[in-house]
Amino acid sequence: MKTISLYCAVAAVAILASFSDVFAYQERKDYFSKPQFGGWFGPVTPAGDLSKRVETNLGGGAFFRLTFPWPYLKFGIDSSYQRFKSKGVNDLQFVPVYGNILFQIPVEFPVRFQFKAGAGGGWLAVKPDNKNGWDPIFMAGFEVSFPAGRIVNIGLRIDYIYIYEGYIKGSQSGGHVINTGIQLYFNI
Amino acid sequence: MRRGLDKRFCMKLLKQSTVVILVLLFACTVNCNKDPLLTDLKTKKLIVVLKGTYESNSPMEWSMPTACAHVDPVTNKCDTYTPEYLAQMQDDSVYECNSTEDTLPNVFMIDLSEIRLWDTRGKSYKFANYRQTFASALSDSDPMFNGTGYPLSNDDVPSKAYTCIALYIRKMLLDGAKSYVARDDGWYPSVVWDVYKEGEYPTFNFNALQIHSYYDDLLISSASINRVYPLIIPINDLLTGGAGMFFNSKFSYTVLEIRMVVKNFIKKYEQKSTTSNAYTVKHFHGLSDWLNDVEKGDSVIGGNVLTVARTYVPELVGRISGTATAGRHVIAIPAGSSILSYTLNVDPYVDHAVTTTPARDESMGTLRGLNPCNLPKKPSYYTGTSINRALEYFLKYENYKYEWNKLVPQGTFVYPDSTELTTYCDSYDTFKEEWNKYAKETGIRSMVLPQLAVYVPSSGSFTIENVMPGSYDVYVANRAPEYGKLYYNHYDTGSGTYVSEFTLLGTVTVGPGSTATVP
């Protein structure tokens, strides 16, 4: 029985060893687990009520990520600059700064799928009222990443950000923003 | 052991991450807004209201004269107009087509592409970049004509001073327009259709004709002048000393009221087709040519959209009440300002020839007709193939040359009161001088409508609503309003000054929430 087990083990090792890709993948995996930083840009779109006041524009941002010892979980800090203009006088500038937890689907694919959720604060400046200030924000998102070598990753992302104003007297609604973009980031 | 360490490390990092997120949230909440910014972006504190009346509240009733005096029992068509209709509703420029089948208009339509406010530096704010359309029945209950007004869609503007508002009017339409074709046995009418709000309606867009014709085309600047689009309305609020309006978002609401004189200010005009072989004449309705006279042969009716704008803050307003002769207009103007700015000098061309009373005399002719440089207009080229119409064009052209030569370079111009003109319109300088005199001395370009006006009802007591705090001179008109006309000044030979058709009732000071009574 022991002999059969030994043979099986040797056969399994031989089979695994013949698939060098498996080790390559493991190697990439390790790279992906390193701390990462990068940037993104793409269309930022107001949703809900906000979409009646301001329009879609291009926005962009930067982020930094640390991996937990469990490689499928990351912690990220994200910030971006988003300016929503309109055909008229309305104008909204939005700088979200938030932390988020990223969860990578623990299934081995050449591309990586990550879900993320987080919270933080967002600086807003509105025209024509010429007012600005900070509001709490909550976010959820999804990313697809393509490793391009040991250092570079290329990804697509879609984030939903909710700007919460319910705690302020007189507030009628919060804000909904959807960010989509292409991102480039590096394993360091 | 290693596994346990990882787990602890993992938990530690997770806790730290959570703390970072919570700190970010906390930091923003501590420094957070006291103002709901997104709600501010959504809600508007500047309310823009559009009215179609001379009065700011309590407008007079519609008094359009009845069109038909007698209906032919055989054809069941109108065969005679009432004298009031001919005198008040039908402009003197209607002369080609004598058909009696025109009817009164029933609806006024306006199509606004956008509205802008201009600040003191001339920067424009696209605060109402929304296309808006309104169709109003010509009735006393319609919000456009009952003193309430239609609220427009707009956003707020930054808190600052603004000098004027610009209305980008795509179209203004009135119904009742007819196109007449001349046949051997008379005029054959057909209804004129125009597009409003992407649909076809039996209406006529008179906004396209709101341009001047009688002097602009001889000015060098005429090519760059656009007097229609946008329609610029100065806002002469008392708060800014007449220099504009001041919007402050600290107040819950500020109302910007725009008034356009449409009620009891509609006339019928005529337009001829010069391109087709069929001899067609169009009768349409537009705003009264009280300010800028429309003469025979004119193809445009410009300079007659009379507007005024003002702002008030509902939290601050008071009112002015008092008694006056019923059926008169009462207006309130900033204390100390000249009433002559709100009325038109009627007689700059017959200076000193007018007696004190009765001041105005229709037989003097129109202001435009009295201008010696009111040169005849060249008839439009006929491009059809009808020999009769071509001959008619040549006849008109000969007549045009005859009329022109009477004034340029030399001739004799006799005023209706038999005084002879001593200077002729024989040079460009004279032309410019005379039209400048026309503009300056008649006040045709400087005349403004009063921001506050009411019509005194039969009870004799009036109330001017929504009056911003300040001192006002309250005037009452000496006469009842005439259809299609506003008010004049007359030269008083005794005092050597102009006298208005308004008499001072008294001066009042209005405070927030108070009612000032005119003594």
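The model is predicted, so local features need pLDDT of at least 70 and side-chain atom pairs pLDDT 80 or more, while totals for chains, interfaces and linings use all residues. Residues are numbered from 1 along each chain as its sequence is written, chains are lettered from A in the order in which they are written, and side-chain values use heavy atoms, without hydrogens and water.

The side of chain A that touches chain B draws two or more residues from each of strands S3 (73–84), S4 (91–104), S5 (112–127) and S6 (131–148) of chain A, strands being DSSP runs (E, at least two residues) numbered from the N terminus. S6(A) gives the largest share, 8 residues.

Contact (heavy atoms within 4.5 Å) joins 48 residues of chain A to 34 residues of chain B. There are 4 salt bridges between the chains (a side-chain nitrogen of Lys or Arg within 4 Å of a carboxyl oxygen of Asp or Glu). Asp49(A) forms a salt bridge with Lys42(B), with the closest N and O atoms 2.8 Å apart.

Chain B also holds an open sheet of 4 strands, ordered S23-S21-S25-S28 with antiparallel pairing (strands pair if DSSP finds at least two bridges between them). Strands S23 (452–455) and S28 (502–510) of chain B stand at the edges with a single partner strand each, so one side of each has no neighbour in the sheet. S21 (329–334) and S25 (470–477) of chain B pair over 5 bridges, and Ile333(B) stands opposite Asp473(B) in S25(B).
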